[in-house]
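Subject: Structure handover

Dear colleague,

I am handing over the structure below, which is a predicted model. My notes on what was found in it follow directly after.

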Amino acid sequence: MDYEPYRRAVRKKVCEHCVDFSEEGRCALTGEYQCGVELYLEKIVDVVRSVHSPHVQDYVTRLRERVCAFCKNQNPDGACRLRSEADCGLDRYFALVVEAIEEADMK
Ligand code: SF4
Ligand code: SF4
C-alpha cells in the first residue's frame with residue numbers, strides 16, 4: 001500500500017494550518033515531542049479506511065483502540081495528558097485528518 005498520497009493530503013489539509021508547522025515547510029516537533037500524525041500515519045490511514053460513518057466519534061473510538069492504546073503517552077487507565085491539554089496534534093485535528101484521508105480516497 002502506498003501511503004504517500006495520504007501523507008501529502010494530510011500535510012496540505014492539516015499540517016500547513018497547524019501552529020506547529022514551521023516556516024521551513026515541515027513540522028517543528030521532533031524527538032520525544034514528535035506528533036502522532038507523523039508517528040502513526042500508516043495506522044491512522046488504516047483506521048479511517050476501516051470505518052464508514054457520518055459520526056466522527058466512530059472514528060475516534062477506533063483510533064483510541066488501534067493507535068492511542070499503543071502510544072507511550074497514554075496511561076494504562078486510558079488517560080492521556082497530551083490529549084487532555086490539547087497538545088496532541090493528531091487528536092486536535094483528527095476530524096480534519098479523517099476528511100483529508102477520505103478525500104484522498106475519492107480522487
Ligand atoms: S504537530 Fe502534527 S498536525 Fe501539526 S504540523 Fe506537526 S505533524 Fe502536522
Ligand atoms: S491522543 Fe495521546 S495517546 Fe492518542 S496519539 Fe495523541 S498523544 Fe498518543
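**Helix packing, core and ligand shells**

In this predicted model, helix α4 (residues 56-66) packs against helix α7 (residues 94-106) at an angle of about 100°, and their axes lie 10 Å apart. Because angles of 65 to 115 degrees count as roughly perpendicular, α4 is roughly perpendicular to α7. On the α4 side the contact is made by Val56, Tyr59, Val60 and Leu63, and on the α7 side by Phe94, Ala95 and Val98; these residues divide into seven nonpolar, no polar and no charged.

The largest nonpolar core has 22 residues, of which Val10, Val14, Val37, Val48, Val97 and Ile101 touch the most other members. Two or more residues of this core come from each of α1 (4-13), α3 (41-49), α4 and α7. Leaving aside residues up to four places away in sequence, Val10 touches Cys15, Val37, Leu41, Val97, Ala100 and Ile101.

Turning to the ligands, the residues around ligand 1 include Cys15, Cys18, Cys27 and Cys35, together with Val14, Val37, Asp20 and Glu38, and this shell divides into nine nonpolar, one polar and two charged residues. Around ligand 2 one finds, among others, Cys68, Cys71, Cys80 and Cys88, as well as Asn73, Gln74, Arg83 and Asp91, with α5 (81-84) and α6 (89-92) being the elements that give two or more residues to the shell. The shell around ligand 2 divides into seven nonpolar, three polar and two charged residues.

With best regards

Conventions. Residues are numbered from 1 along each chain as its sequence is written. Chains are lettered from A and ligands numbered from 1 in the order in which they are written. This is a predicted model: local features need pLDDT of at least 70, side-chain atom pairs count only at pLDDT 80 or more; totals for chains, interfaces and linings use all residues. Axes are lines fitted to C-alpha atoms, for helices over the stretch in contact, and angles run from 0 to 180 degrees between N-to-C directions. Helices (H or I, at least four residues) and strands (E, at least two) are DSSP runs, numbered from the N terminus. Angles under 35 degrees count as roughly parallel, over 145 as roughly antiparallel, 65 to 115 as roughly perpendicular and the rest as oblique. Two residues are in contact if their C-beta atoms, placed from the backbone, lie within 7 Å. Ala, Val, Leu, Ile, Met, Phe, Trp, Tyr, Cys and Pro count as nonpolar, Asp, Glu, Lys and Arg as charged, and the others, Gly among them, as polar. A residue is near a molecule or strand if its C-beta atom, placed from the backbone, lies within 6 Å of it. A nonpolar core is a set of buried Ala, Val, Leu, Ile, Met, Phe, Trp, Tyr and Cys residues joined through C-beta atoms within 7 Å. A residue is buried if 20 or more other C-beta atoms lie within 10 Å of its own, exposed if 12 or fewer, and partly exposed in between; C-beta atoms are placed from the backbone.
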